[in-house]
Amino acid sequence: MRFTKIFLSWLAIIFTMICSPVLANSDRYPTSAEVESTRGELRNQIQTASPDVRTLKEKRARQLLVSHWLKHDKETAQFLGNWSAFESSMSVYPAKTRNRVCLVYIGLGQVDFELGRVVDGKLRNARKNLLLLEGNYMGVGSISEGRVSMYLIYHSPRALESINKVMSESTESSNAQKTKLIRDFKKYGCINP
């Protein structure tokens, strides 16, 4: 029992360290020039990243989602899906408002919600991070203390699951948190697959 608590504590610390660029607020959005200056870093990180482990069926299901959504909102289509990360994931849902997406972060049994907006082919979240696609990988760019950072966080996008299924997997979130997230999901015009 004691070992399990220690292990889970260390796992939470590692998760926080790896995902801190996504979970932390950035000072401002990185400029296009700053993003381009770090694109090489992102490509280098991709070289050593985990391989895409999706099955052919999972790849086709996600591509079907993207292809369908291209007819409605070309800007957001490529970002849609459930993106994997170390001990966490981020689901990017479409919204009724053009160029807007709904972001649901899932990690260690917890969930968090925020809106995002696609501008110039880059996804901006409310924390002033810029999410940048590079094939089946997504990097997170941020500015902290005047320096731009680019981290490879997400990979292997899959088709979206219903928000209710996602909520059922968030075992550590309270019922009040889950209810608020679903209420916000509906309030902001997020579309459930």
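This is a predicted model: local features need pLDDT of at least 70, side-chain atom pairs count only at pLDDT 80 or more; totals for chains, interfaces and linings use all residues.
At 30% relative accessibility, Tyr188 is partly exposed. Helix 6 spans residues 175-187, and Tyr188 sits in the segment after helix 6.

Show both rings and look at how they face each other. Are the rings of Phe113 and Tyr188 stacked or edge-to-face? Their planes lie at 25°, so the pair is stacked. The cut-off for stacking is under 30 degrees. The ring centres are 6.2 Å apart.

The structure holds two aromatic pairs. For the other, select Tyr93 and Phe185. Here the geometry is edge-to-face, with 90° between the planes. Centre to centre, the distance is 5.0 Å.

Now colour by secondary structure. Which elements hold Tyr93 and Phe185? Tyr93 lies in strand 2 (residues 88-94), and Phe185 lies in helix 6.

Tyr93 has 0% relative accessibility and counts as buried. Phe185 is also buried, with a relative accessible area of 3%.

Last stop: select Tyr29 and Arg124. What lies over the face of Tyr29? Arg124 does, at 4.4 Å from the ring centre.

Definitions and conventions: Residues are numbered from 1 along each chain as its sequence is written. Side-chain values use heavy atoms; hydrogens and water are left out. Rings of Phe, Tyr and Trp (its six-membered ring) pair if their centres lie within 6.5 Å; planes under 30 degrees apart count as stacked, over 60 as edge-to-face and the rest as tilted. Helices (H or I, at least four residues) and strands (E, at least two) are DSSP runs, numbered from the N terminus. Buried means under 20% relative accessible area, exposed over 50%, partly exposed in between (1.4 Å probe, protein chains only). A charge sits over a ring if NZ of Lys or CZ of Arg is within 6 Å of the ring centre and within 35 degrees of the ring normal.
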